[in-house]
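Biologist: Hi! Could you walk me through this model before I start working with it?

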Amino acid sequence: MARRALKLASWTSVALAASGFYLYSNKYLDPNDFGAVRVGRAVATTAVISYDYLTSLRSVPYGSEEYLQLRSKVHLRSARRLCELCCANRGTFIKVGQHLGALDYLLPEEYTSTLKVLHSQAPQSSMQEVRQVIREDLGKEIHDLFLSFDDTPLGAASLAQVHKAVLHDGRTVAVKVQHPKVQAQSSKDILLMEVPRIYWELSTKRVLLMEFVDGGQVNDRSYMERNKIDVNEVSRHLGKMYSEMIFVNGFVHCDPHPGNVLVRKHPGTGKAEIILLDHGLYQVLTENFRLDYCHLWQSLIWTDMRRVKKYSQRLGAGELYPLFACMLTARSWNSVNRGIGQAPVTAAEELEIRDNAANYLPQISQLLNRVPRQMLLIFKTNDLLRGIEAALGTRASASSFLNMSRCCIRALALHKKKSTCSFFRRTQISLSEAFSLWKIDLHEFILSVKGLKLASWVLALLCWLIPASH
């Protein structure tokens, strides 16, 4: 028996050694090509993080100064471990890390500041690998295709990296090259990116040549201040753009992390311009889902709690509809009941939201398992957009909710018009739509007047308290 076990162990050792040598010598394979290795690494990291929290904070009084300092250190250690995991596993794990890094309004600062590096500084492919992909896909060497080609990438993302180059005719281009291991590790995540112009004759499945567009990341407030770009205007434009995608068109760019959204002054008009990159993750919303989602947001904006419950349940929330409404709006249940446009988010409410995110983790997990996949991508998109708003200091205002409401009204009216052939009925729908939009305009005007009136009162009070010197 012992001899048989020894023989089995010997053959196993030989097999493992041979496999190891094969993996080492084969340029197309590495341990990351195997799901078991990647999952095992993730499980091990999760176990280490959990153990760190359990043992480090166990003997310290909760809420004490020592507890807060120690918790911050554990947060930072855990965030670094997560970042290392994402960099080691690459591919889809980088995307998850990018998402977490954008949740400034929800996660501790130690996590978001550590994981933000993944937005534009993910692990890079070597120039040897870049040359290999270009050679295999375009059949030419880099010097045959380009007058100049920057070896240092402008940015590296989860599935590809971008290099600045100049064609022989003088055009400056951005060259996006897929990481060579992507197809083996995450075949479902193959990425294409579109900016205003793509040079299709020099693009393949793994290499994409496009017009070079300069700009700053959409969460870079200092860039906007240096270039005299109004952060509130950028935030409004971004909100309008996504409201159009979600409510009106039902075709949604679902990866708006800061590395994928640039902002610049338009060279011609001087107005703020938003540039969307990475068009590889879109969600086509079904008609029923889109209309139910429109109704739900209308109900949330106008505080119709009966319809909030109805449409939340139609979208799969069941009895967890209060949690569903809070997750969608990133507001507390009290704020949802009072009206999400009535008052801005306070520091106390932000703290409550963060605490609830941890306390209700089982219910959140249960809810995410219930809702359709379309809803999961909408959640992801909402989280990333709120992260941008938090970074810019422009958390959702009454005005942004009213813009969402305008899109909902237009989308629902358009659906009703498509559902009837009657000229009288279509006219009736158009008049109702116009009246609803007018009511929103009036409401927005009243809010602005109230704001001006309040400002004038404050100014008068200051003048009274601080009389002019003689």
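**Confidence and local features**

Biologist: What's the mean pLDDT of the protein chain?

Modeller: The protein chain has a mean of 79, with 81% of its residues at 70 or more.

Biologist: And which helices have the lowest and highest confidence?

Modeller: Helix 1 (residues 2–25) is lowest, with a mean of 38, while helix 12 (residues 305–314) is highest at 96. Residues 1–29 have pLDDT below 50, and beyond near neighbours in sequence this stretch makes 10 contacts in the model. Where pLDDT is low, the predicted coordinates should not be read in detail.

Biologist: Good to know. Changing topic: which residues make the nonpolar surface patch?

Modeller: Phe435, Trp438, Leu442, Phe445 and Ile446 make that patch, which covers about 530 Å².

Biologist: Where does Ile446 sit?

Modeller: Ile446 is in helix 19, which runs over residues 423–465.

Biologist: Nice. Now, is His143 buried or exposed?

Modeller: His143 is exposed, at 59% relative accessible area. You'll find His143 in helix 7, residues 142–145.

Biologist: What does the side chain of His143 join up with?

Modeller: There is a polar contact of 3.1 Å between the side chains of His143 and Asp144.

Biologist: How many residues apart along the chain are His143 and Leu167?

Modeller: They are 24 residues apart along the chain, and their C-alpha atoms are separated by 9.8 Å.

Biologist: On to the backbone. What is the phi of Lys228?

Modeller: Lys228 has a positive phi of about 55°, although Lys228 is not a glycine. Ala330 is another non-glycine with a positive phi, also about 55°.

Biologist: Where are Lys228 and Ala330 found?

Modeller: Lys228 is in the loop between helix 9 (221–226) and helix 10 (231–249). Ala330 lies in the loop between helix 13 (321–329) and helix 14 (333–338).

Biologist: And Lys228 and Ala330: buried or exposed?

Modeller: Lys228 has 68% relative accessibility, so Lys228 counts as exposed. Ala330 has 3% relative accessibility, so Ala330 counts as buried.

Biologist: Great, thanks for the tour!

How values were computed:
Residues are numbered from 1 along each chain as its sequence is written. This is a predicted model: local features need pLDDT of at least 70, side-chain atom pairs count only at pLDDT 80 or more; totals for chains, interfaces and linings use all residues. Side-chain values use heavy atoms; hydrogens and water are left out. Patches are made of residues with over 30% relative accessible area and no salt bridge: like charges are joined within 9 Å, nonpolar side chains (Val, Leu, Ile, Met, Phe, Trp, Tyr) within 5 Å. Accessible areas come from the Shrake-Rupley method with a 1.4 Å probe; for residues, only the protein chains shown count as cover. A salt bridge is a side-chain nitrogen of Lys or Arg within 4 Å of a carboxyl oxygen of Asp or Glu. Helices (H or I, at least four residues) and strands (E, at least two) are DSSP runs, numbered from the N terminus. Buried means under 20% relative accessible area, exposed over 50%, partly exposed in between (1.4 Å probe, protein chains only). A polar contact is a pair of N or O atoms within 3.5 Å; within protein, one must be able to donate a hydrogen and the other to accept it, and residues adjacent in sequence count only if both atoms are side-chain atoms. pLDDT is the predictor's confidence in each residue, from 0 to 100. Contact means heavy atoms within 4.5 Å.
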